[in-house]
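Here is a short briefing on a protein model. Look at the structure first, then work through the points by topic.

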Amino acid sequence: MSKATWLLSALAIVLVAIALGTSPAAQSGTGTILGNIKGADGKPMEGVVVSARAADKSFATSVFTDRLGNYSFPGLDTGKYQLWAQAVGFDGARAGFQLAGGAKSEHNLTLTPIVDMTRQLTGTEFLMSLPENTPADVRMKHVFVSNCIGCHTASWVLQNRFDAAGWGAIVSLMTRFPSSGKPPGPEVKPDEIMNAYRAELAIWLGRVRGAQPLTTFKTLPRPTGEAAQIVVTEFDLPRPDMPLMTQNGSDWNEGTPSRYVGRAAHDVWVDSKGIVWFADDMVPQRTLGRLDPQTGKVTDLVMKDKDGKSISTHSLAVDAQDRVWATNGTDGTFIMYDQQAQKFTNFDRPDTEPRVGGTMVIDSKGNPWAPYGDGAMKLDAATGTYTHYAAPVTGKGTYGIAIDKSDNAWYSQPGGDRVVMVDAKTGESTAVLLEPQLIPGLTDKDRESAEKLKAGPNSGYPQQKAPRRMGGDRDGDYMWVAEFKSDALLRIDTRTREIKEYPLPHKYSQPYAAAVAKDHTVWLNCINLDRVVKFDPKTEKFTEYMLPTRGTEIRHIQFDNRTDPPTVWAPFDRVNKIARIQFRTAGAQTGTK
Amino acid sequence: MTMNGVRKFSFVLMGAYVIALSASMSAQAPPAVNPAAAAADKDTLKRGETLFYQGCSLCHLGRIIKDDKYQPMGPALTGVLKDATPDREADVRQFIQMGTLRMPGWKYAFSPKEFDDLIAYVKTL
């Protein structure tokens with residue numbers, strides 16, 4: 001063969017290779033990402049979260065390593081990917097690559113321990129790591145929990161370090177800062193119970209998060225076994241008015257992110273076709289959001305108020321006709337979106353009826369219920385008539401609401417450590433009372449605060465339990481309630497009123513809401529934990545499932561009950577994401593490459 | 001074409017290539033910034049932005065709640081370090097570290113490197 005012929009042949013081979021590499025078959029379809037994670041000591045690491053995101057997608061997918069350190073993703077669309085692995089106490093590891101159709105893309109990474117893991121800590125880990133040498137220390141943690149984590153995770157606060165004067169300035173602002181986020185004017189008076197503890201909080205915070213950095217870290221164990229056999233997909237929720245921030249909790253080294261662009265979504269609900277709806281009380285030009293999990297596409301639906309502004313919603317539920325009901329935070333009413341007619345309806349409320357509160361549920365007759373300031377109220381969906389049912393004792397605030405098997409409505413009064421039931425047949429309201437927590441170092445001031453000052457879900461006395469949101473088993477006999485400040489799951493027997501309290505696996509989790517799936521499992525989201533927690537009533541065991549984002553601040557949890565087991569959905573209120581948690585079957589579990 | 005002709009043509013081509021290359025180089029913009037330095041700047045600003053939003057946005061950015069916008073509770077920082085002299089920059093840095101009656105001092109919260117990143121970002125406001 002002459003030299004010229006040889007050169008031409010080589011050129012032809014190169015051209016064919018290029019063509020094959022960029023062929024439609026290689027660019028489409030799915031590929032598999034897999035590998036192994038080891039520590040710097042060469043040992044496999046179990047329970048490490050490994051995340052992958054394609055440049056052209058609006059969601060990230062995460063899996064966890066098994067006991068051999070192996071991980072594998074379900075098939076992912078081809079594309080240009082970033083892959084990152086992280087664990088608290090270690091520097092993260094990253095890789096970037098092109099994933100081709102039909103390919104197995106293997107990435108073995110090593111995680112190196114770091115000395116200062118402060119910014120990576122969850123709220124729970126921060127509180128675990130602070131001094132607890134004396135009863136006074138323990139008491140102050142409870143004072144902090146009772147007053148400083150109702151609106152945000154503890155990590156948001158405790159990742160900062162100020163002197164006592166600096167903390168005093170922050171706490172003073174917080175005594176007047178409403179949960180709505182609206183800057184307080186000079187007319188806004190301080191929250192009386194938070195104000196009572198202001199000086200103690202400033203001094204304590206100045207001591208534990210001041211001049212001296214954390215040097216001892218207490219961290220949560222990484223997930224093992226079943227808890228590591230999940231696939232978490234986190235969908236971005238783009239804002240119509242500004243781009244999302246790159247700091248969104250996906251890199252734990254950055255700490256708990258700002259929620260300046262966040263605070264959407266608050267509640268989620270999955271309709272009969274698997275579309276995920278979310279309520280939003282912050283983002284402009286959105287009343288309800290609609291997420292299509294097949295594509296990640298988010299559609300904003302707007303209902304305008306009388307001034308032409310987007311109506312704010314806080315909670316929602318989808319009825320048996322796939323109509324989306326929500327609490328209208330602007331007007332204090334219920335609204336309903338009819339998907340078929342593509343139309344919003346506002347149910348006007350007479351002035352004689354109180355404003356609809358911030359959480360809601362739908363009973364078996366299709367009537368929405370919500371708490372109001374001092375009780376619960378129902379809308380007759382057919383007639384548009386509101387009826388309210390006052391609590392036996394008022395002035396204790398209200399928060400979550402749920403329906404039991406007999407269509408009775410149950411709601412919480414966090415300020416009074418009470419759960420109230422409205423009898424569906426008679427309309428009579430009766431309460432279940434909780435004993436206060438046993439706190440070491442409790443003072444006379446704490447006992448007097450409980451008696452004389454107004455407490456609520458977001459401020460209170462250290463021994464307060466603060467039942468918050470709840471879920472009823474519509475096919476069972478129990479109401480399940482998240483005890484927000486005492487780290488427990490409360491079970492109320494709806495027939496006998498007998499109660500049982502189950503302590504959560506980790507103190508300082510702060511369970512915010514409870515919900516019951518079709519298989520009777522009870523699920524909790526916890527504001528400090530960055531995990532969701534399953535409780536199996538048959539075995540009375542808890543399982544924690546780690547989430548890939550730092551600073552999730554989940555306020556609600558729901559299910560797609562069409563799958564077996566049910567798929568869990570959780571909105572990350574701080575960082576504009578909604579997460580789907582799927583459970584791997586035995587055949588799809590990792591362990592082999 | 002004869003071999004001699006091929007050689008001559010090749011030399012002409014090579015000569016033209018050298019002339020074209022020289023012209024191209026002299027017409028280029030000044031040498032590009034060191035790519036490593038450019039990437040560091042971008043990373044510095046990203047880190048600084050993160051710290052700004054985590055630490056400063058609560059008071060120094062206006063809030064947006066649905067379709068309503070609110071003025072910041074504290075002073076807006078637009079232009080606070082625009083064209084700042086080294087002395088001005090040092091003063092602002094110390095102000096942030098020490099705080100006031102209404103603003104906490106950040107001397108414990110940020111390391112010297114984090115202050116560098118934050119200041120670099122604030123300069124862009």
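A network of salt bridges links R259(A), R263(A), D281(A), E553(A), R555(A), D573(A) and R574(A). A salt bridge here is a side-chain nitrogen of Lys or Arg within 4 Å of a carboxyl oxygen of Asp or Glu. Over all chains, the structure holds 41 salt bridges.

This is a predicted model: local features need pLDDT of at least 70, side-chain atom pairs count only at pLDDT 80 or more, and totals for chains, interfaces and linings use all residues. Residues are numbered from 1 along each chain as its sequence is written, chains are lettered from A and ligands numbered from 1 in the order in which they are written, and side-chain values use heavy atoms, with hydrogens and water left out.

**Salt bridges within chain A**

- Side chains of opposite charge can pair when their charged atoms come close.
- D251(A) and R94(A) form a salt bridge, with their closest N and O atoms 4.0 Å apart.
- This pair links distant parts of the chain, 157 residues apart: D251(A) sits in the loop between β11 (230-236) and β12 (264-270) of chain A, and R94(A) in strand β8 (residues 93-99) of chain A.
- Helices and strands are DSSP runs, numbered from the N terminus (helices: H or I, at least four residues; strands: E, at least two).
- R94(A) has 48% relative accessibility, so it counts as partly exposed.
- On this scale, buried means under 20% relative accessible area, exposed means over 50%, and partly exposed lies in between (1.4 Å probe, protein chains only).
- K445(A) and E200(A) also meet in a salt bridge, at 2.7 Å from N to O.
- K445(A) is in helix α9 (residues 444-452) of chain A and E200(A) is in helix α8 (residues 198-208) of chain A, so the pair ties together parts 245 residues apart in sequence.
- K445(A) is partly exposed, with a relative accessible area of 30%.
- E200(A) is partly exposed too, at 25%.

**Where chain A meets chain B**

- Which chain gives 46 residues to the contact, and which gives 29? Chain A gives 46 residues and chain B gives 29.
- Contact means heavy atoms within 4.5 Å.
- About 2,800 Å² is buried between chain A and chain B, and carbon and sulfur atoms give 60% of that area.
- Buried area is the accessible area (1.4 Å probe) that two parts lose on being put together, summed over both.
- Five salt bridges are found across the interface of chain A and chain B.
- One joins E114(B) and R119(A), at 3.6 Å from N to O.
- On the side of chain A that touches chain B, helix α6 (residues 164-176) of chain A gives the most, with five residues.
- K107(B) and D163(A) form a salt bridge as well, with closest N and O atoms 3.4 Å apart.
- This pair crosses between chains: K107(B) is in the loop between α4 (86-98) and α5 (112-122) of chain B, and D163(A) is in the loop between α5 (154-158) and α6 of chain A.
- K107(B) is partly exposed at 30% relative accessibility, and D163(A) is partly exposed at 26%.

**A hairpin in chain A**

- Strand β16 (residues 313-318) of chain A is mostly covered, with six of its six residues buried.
- β16(A) pairs with strand β17 (residues 324-328) of chain A in the antiparallel sense, over four bridges.
- Two strands pair if DSSP finds at least two bridges between them.
- T313(A) stands opposite N328(A) in β17(A).
- Five residues lie between β16(A) and β17(A) in this hairpin, and D322(A) in the turn has a positive phi of about 65°.
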